Every structure is written in C-alpha cells, then in structure tokens.
Amino acid sequence: MRILLRTAALLGFALAIFSSVDAAEKIFQAGAATSNITPPLGELIVGGFLPFPATHIHDELHARCIVLDDGTTKLAIVLCDNVGIPREVFDSAKAQIHKATGLPASHMLMASTHTHSATTARGPSKVIWEDELTDYQKFLANRISDCVRRALNQLEPARIGWGHVDEPSEVFNRRWHVTNPDLLSNPFGGIDKVRMNPPRGNAALVRPAGPTDPQVWFISVQSKAGRPIALLANYSLHYVGGVKSADVSADYFGYFAKDIEDKLGAKEQVPAFVGIMSNGTSGDINNINFRQATPKYEPYAKMQEVAQKVAAKVHEAHKLVEFHDWVELGAQQVELPLQVRQPTPEMLAHIAQLKPEEDAANGPKSRDHIYADRVGRLKGAPEQISVPLQTLKIGDLGIGAVPFETFVEIGLELKEKSPFKNTFTIELANGSYGYLPTPEQHKLGGYETWLGTNFVEFEASTKIVKSLLALFEKSKTPAPR
Ligand SMILES: [Zn+2]
C-alpha cells in the first residue's frame, strides 16, 4: 500500500513536472517593427503606363513587419509600400535574416502593398527576372531585413486574435462589358470582349465582368497586459490614388496604419505599435464607381476617406475579437513551374507594321509601342519560370501568398475551398510577376490579360489554386513533435 502510494505520488510529481514543462513551452510571443524605405527623389515612379521621376515625398514609405512565435515555430509577415517587389529583392532580404537569426526563408511572407505612388523596385530589365540588384533594391533588401530583425528583438509574451468585417462600398470590379467597340481595342491590333477602367458614367457600360470581395480581415496582437502591439488587415482593393503628380506616397495603406493606431489608442508607445494594411486579391478590383461621373476630391482626400472608413469598420469588429493565449503556427512553401507566354504570330505581325515613333530613342509613347517594347524585352526571358507559393497557419486561420496581382475570383475560390475555418490571401507576396487572371477572364481579354502585363500561361491560376489548397491541407495535419 505504502509502495503504491509512493508510486502514485511519484507519478503525480512526474505528471506535474511534465505539464509544467508543457505549459512553459506554450508561451506565445509577438513583436513588430517598421523600416523607412523612402527612395531618394528622382527615382522613377511606376504604376501607370509610363514611369516619371519623383519630385516630392508626400508621406514616407515603410516596410511594416509582425513576427509571431509559438515557442516552436516563428513566422514573419512584412508589407512594403511599393507597387511590386521582385523575388530577387525579397530573397536577398530573407537570406540576410536567415544568416543573422536562423529564421527559415519559408517562414517569412514578404509582400508589396501595391501603392501606385512609390518608385520602382525593378531593375532595368523591367520584366519578370532581375540580374544584379540596383542601389535601391539593395537598400530595400537591407531595410526589410532590419525590420524583421528588429521585430524579432522585440518579441514579448502576447495574445492573438483575428476577425473580419464586410466593407462592400469601396470595392468595384474594374473590368466591364461595354457596347462601344471603340473601347475594346487592344495593343496587338485585336478587339477584346471587356474593357479595364471604362469611362465613368458612360452610356456604353453594360455590366462588370466579375465579382468583388467585400471582406476586410485582420489579425491583432497585444501584450499580456492588453497593450496593442500590431494589427495586420487585408482588403481586396488595388489602391485608391488621387496623389499630386510626381509625389511619393504610401496611399491608403499608409493612412490605414495611422488610423488604426489612433483608434486602438496606441500612439507614442515604446516599442511603437505597427498598423499594416495588406492587399488581398485585387487584380481586377479598384476604388472607382464606374456607374457615376467622377466626383471632385482634393489630392489625398479620397484615400484618407477610404482609410478612415475601413479602419472604423475594423475597430468595431475588433471589439468582438476573442484573443488566444497560444495558437499553433506553421508555414508551407512550394515552387511551381509556369510556362512564360510567347507572342503569337498575329501579335508579331501587328508589331512589325507599327510606324516608328518620333523621338523613339527616349522610349515608347503610344500604347501599341509600349506593348511592342514590352514584348520585345521578353525575347531574353526563360521559357519557364518557377514561382514561390506559400501558406501560413495561425491557429485555424490560413493565409495564402501569391506573387502576382491576383484576380479577386482566385481569392474567393481559395476562401471557399480552403480546409481552414478562416482564410485570406496576400497578393504580390514573395515576388511580382504581373497580373494573374483566371482562364475564363483570359478569354475576355482586356488590359490585365495583355502580354506584357501578364506573362504566364493561361492555366496559371488553376495550377496556383490547386497548389495552395494542397499546402493548406498539408499544414492542417499537425506537425510531429
Ligand atoms: Zn496596379
């Protein structure tokens, strides 16, 4: 009997030790930081048809980072105020971080917000691969690396919650069926079935060629005492715009970061609170209500209005969020090979008959010549590229990462088919390979499908969705401990 009691006491003692070790392991931590990535004046602003030099900084550009740690796995998510950052820049930043901290590259999700008023992060080739990094690209990689390393330095015990709210009033599908064939010409001498950004309030407008996604997702981390550390939101809105020409600005993404900081009462904290707005799947979604004539806005007014509205919605939903003391983290990554599109004989015939432009030495001016130039640059492209696809797991929330300006249909399909209870996608993540329409949208034509705006095979989005769903499935299976 005594032996039995002693054994039971020992067993109880052993169990107590075991469970206290288990509890000690389960400390969830979070950290956040920003890096200023503002370029020098004179760098080229991109996002429109033709680049032009920056002459003023309206607001500074940032890399904004959250790092999470479940005691076993660490994840870093970084959003950069840029229109699209090539893989080579992100890979350089990831290599630096891995060398300094041991964090695996596959556990870092790095993406661009897609502000159209940042300067280019592309090298001179301007297509889908980079050679040597330019000075700004090197600076960017260093600053992204510093951002993640600073966030890692600031890891502290934390709790995490997430939620979503609908804001349908600021998202519009920008591809339209129209009755006027003059609106449907493409730069290769053909006629499309839909028009991107048709004239506003025009009688020729019939209906949008696709849906929108009104969901705003957010992840919130706070200290054990309830001090806000960071909030990362996700909305499928291309950008807002309305800047002064040649100004550098982070667009509504920058304003949202400030607005959510205000609303959460997180100003002037040490370490500073970090608000982040990531881009969902907005390749065909923008902020223009095409049914109405253009309303008048002062520069920067519209983007502030949108940021305020979205931040207010997120703040309301945030009040209902359930915070968790610990959730399991995970990351999956795969390389997907995709064929690079080649010009058709019809395209080449159209390009061959274009009359040379005056002042051609200073670059192409007309739409057809710009696309002829882009197609020409594809001559040195590889036949196939390998694109990184990634998923992150944060408890029962799954995040997909796609290195394209991704059509909203793709994000909606991932949300519907994902094995996770909650899912959203961050576009332009871990690289920037142009637009990603669905095969159905390719058939309709339009700007986003033109060779030179889109570079990969028509079936790319089908393959990408399949791969991401497989990664989600894989990360649903608990990792062996
Ligand atoms: Zn864009």
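The model in which they occur is predicted.

Colleague: What does the radius of gyration say about the protein chain?

Modeller: One sets the value against that of a compact globule. For 481 residues the globule would have a radius of gyration near 23 Å, and the protein chain has 24 Å, which agrees.

Colleague: How many helices and strands does the protein chain have?

Modeller: The secondary structure comprises ten helices and 23 strands. As to contacts between residues at least 6 apart in sequence, 81% join residues at least 24 apart.

Colleague: What share of the residues counts as buried?

Modeller: Of the 481 residues, 56% count as buried. The accessible surface comes to about 20500 Å², and carbon and sulfur atoms account for 56% of that surface. Regarding charge, the protein chain carries 50 positive and 54 negative side chains, with the centres of the two sets 3 Å apart.

Colleague: Is H350 buried or exposed?

Modeller: Burial is judged by relative accessible area, with a limit of under 20%. H350 has 15%, and therefore counts as buried. H350 is placed in helix α6, residues 345-352. Leaving aside residues up to four places away in sequence, H350 touches P187, F188, G189 and D368.

Colleague: Which residues have a positive phi although they are not glycine?

Modeller: E268 has a phi of about 55° and lies in the loop between α4 and β16. E268 counts as exposed, at 76% relative accessibility. N430 has a phi of about 65° and lies in the loop between β22 (422-427) and β23 (435-436). N430, by contrast, is buried, with a relative accessible area of 0%.

Colleague: Where does a cis peptide bond occur?

Modeller: The omega torsion is the quantity to inspect. The cis bond joins V270 and P271, with omega about -10°. P271 is in the loop between α4 (251-263) and β16 (274-279), where E268 also lies.

Terms used
Residues numbered from 1 in each chain as written. Predicted model: local features only at pLDDT ≥ 70, side-chain atom pairs only at ≥ 80, totals over all residues. Heavy atoms only, no water. Helix = DSSP H or I, 4+ residues; strand = E, 2+ residues; numbered from the N terminus. Rg over C-alpha atoms; globule rule 2.2 N^0.38 Å. Buried < 20%, exposed > 50% of the residue type's maximum accessible area, 1.4 Å probe, protein only. Contact = heavy atoms within 4.5 Å. Areas by Shrake-Rupley, 256 points an atom, 1.4 Å probe, with all protein chains shown as cover. Lys, Arg positive; Asp, Glu negative; His and termini not counted. Charge placed at Lys NZ, Arg CZ, Asp CG, Glu CD.
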